[in-house]
Amino acid sequence: MKNSLETINSRRDKILELLHQHEALTIDELSEQTQVSAMTIRRDCKQLVAMGEVEQKRGVISIVHRNVKTNLSDPHDKIKEALAKAAADHVKDSHFISINSSTTALKVLKYLHDPRTIVQTNNANVVNFPNADLYSIILCGGELTPEHILVGQAATNSFSNVQADLAIIGCAGLNINDGITTPIFHEADVNRAIIKHCQRLIVVADYSKIGNTSNFKIGEIDDIDILITDTFAPDEELNKIRRHGVEVVQIPM
């Protein structure tokens, strides 16, 4: 009889816990400590590699560490690329789109096709982003953070004075009870303005955001037209979101 999903997830959580404790372990060491076969551990680790949680080199498994400040070594970068590419397919010719400070949302620019597209954003990193010079870019005003994100009343007003055809945003958490959330207080009002002043809203969120929550609420589940996530996202949470009328698109990884 096949293991239940709960058992599989519990075992993979145990693998991650062991790797956090020991930094790196071999397949055989993980097999011994979890008391399951090496074949099972190898299969679990292959999935965790695809999820961006671990890396494997010469049979040694280790945790992927992320530098949050510089956003280097993002373990979910491959997933974010796929989500951004899928989101770009929803941008129509000559659309005016708003995007927030999300790294996933910014990646959408790599996959746009129409040079008449107008992009408004509070992410000043767009200036050095590949393909940014192919489109009309509007940077909102405001105070510039060390991460090159524009915040404050001027930034909020900039998005409040337009009606975007489409907004594409990322978030830190997304669930039925708490809605769309972010951990950064100074960006919350800007995100609320983006959500309020668009005709359609796409949220791009990898599996680690689904079912989780963060500090500041920026929108409701009902605000979302399309949620683009990956096939690692928990089905139970996605079904709850679907029942609110949200179109959920899962990108295979």
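Ser102 is buried, with a relative accessible area of 13%; buried means under 20% relative accessible area, exposed over 50%, and partly exposed in between, for a 1.4 Å probe and protein chains only. The model is predicted, so local features need pLDDT of at least 70 and side-chain atom pairs count only at pLDDT 80 or more, while totals for chains, interfaces and linings use all residues. Residues are numbered from 1 along each chain as its sequence is written, and side-chain values use heavy atoms, with hydrogens and water left out.

Ser102 sits in the loop between E4 and helix H5 (103-107). Helices (H or I, at least four residues) and strands (E, at least two) are DSSP runs, numbered from the N terminus. Ser102 touches Asn123 and Gly170, not counting residues up to four places away in sequence. Contact means heavy atoms within 4.5 Å. Ser10 lies 92 residues from Ser102 along the chain, and their C-alpha atoms are separated by 30 Å.

E4 belongs to an open sheet of seven strands. The strand order is E6-E5-E4-E9-E12-E14-E15, and the pairing is parallel. Two strands pair if DSSP finds at least two bridges between them. Strand E6 (136-139) and strand E15 (247-251) stand at the edges with a single partner strand each, so one side of each has no neighbour in the sheet. On average, neighbouring strands of this sheet are turned by 20° against each other, direction ignored. Axes are lines fitted to C-alpha atoms, for helices over the stretch in contact, and angles run from 0 to 180 degrees between N-to-C directions. E4 and E5 run parallel and are joined by four bridges. Ser98 stands opposite Gln120 in E5.

H7 lies across E4, strand E9 (166-169) and strand E12 (201-204). H7 runs at about 145° to E9. Helix H8 (residues 235-242) touches strand E14 (226-230) and E15. The direction of H8 makes about 150° with that of E15.

Helix H6 (residues 153-160) has Ala155, Thr156, Ser158 and Phe159 as its buried residues. These cover an arc of only 155° around the axis, which puts them on the same side of H6. The arc is that of the directions from the helix axis to the C-beta atoms. The buried residues of H6 pack against strand E4 (96-99), strand E5 (118-121), strand E8 (150-151) and helix H7 (185-196).

A second open sheet has three strands in the order E10-E11-E13, with antiparallel pairing. Its edges are strand E10 (173-175) and strand E13 (216-219), each with a single partner strand, so one side of each is left without a neighbour in the sheet. Neighbouring strands here are turned by 35° against each other on average, direction ignored. Three bridges join E10 to strand E11 (residues 179-182). Gly173 has Thr181 in E11 as its bridge partner. H7 also packs on this sheet, touching E11 and E13. Its direction makes about 15° with that of E13.

Helix H1 (residues 5-22) has 18 residues. Its span from first C-alpha to last is 26 Å, close to the 26 Å expected at 1.5 Å a residue. The expected span is 1.5 Å times one less than the number of residues. Ile8, Arg11, Arg12, Ile15, Leu16, Leu18 and Leu19 are the buried residues of H1. Seen down the axis, they fall within an arc of 160°, so they line one face of the helix. Glu6, Asp13, His20 and Gln21 are exposed on the other side of H1. H1 is followed by Glu23, whose phi is positive, near 70°.

The buried residues of H1 pack against strand E1 (24-26), helix H2 (27-34), helix H3 (38-50), strand E2 (54-57) and strand E3 (60-63). H1 and H2 pack at about 115°, with their axes 11 Å apart. Their crossing is right-handed. A crossing is left-handed if the near helix is turned anticlockwise from the far one by less than a right angle, and right-handed if clockwise. Lys14, Ile15, Leu18, Leu19 and His22 in H1 meet Leu30, Gln33 and Thr34 in H2.

E2 and E3 pair in the antiparallel sense over four bridges. Glu55 has Ser62 in E3 as its bridge partner. The two strands form a hairpin with two residues between them. Arg58 in the turn has a positive phi of about 55°.
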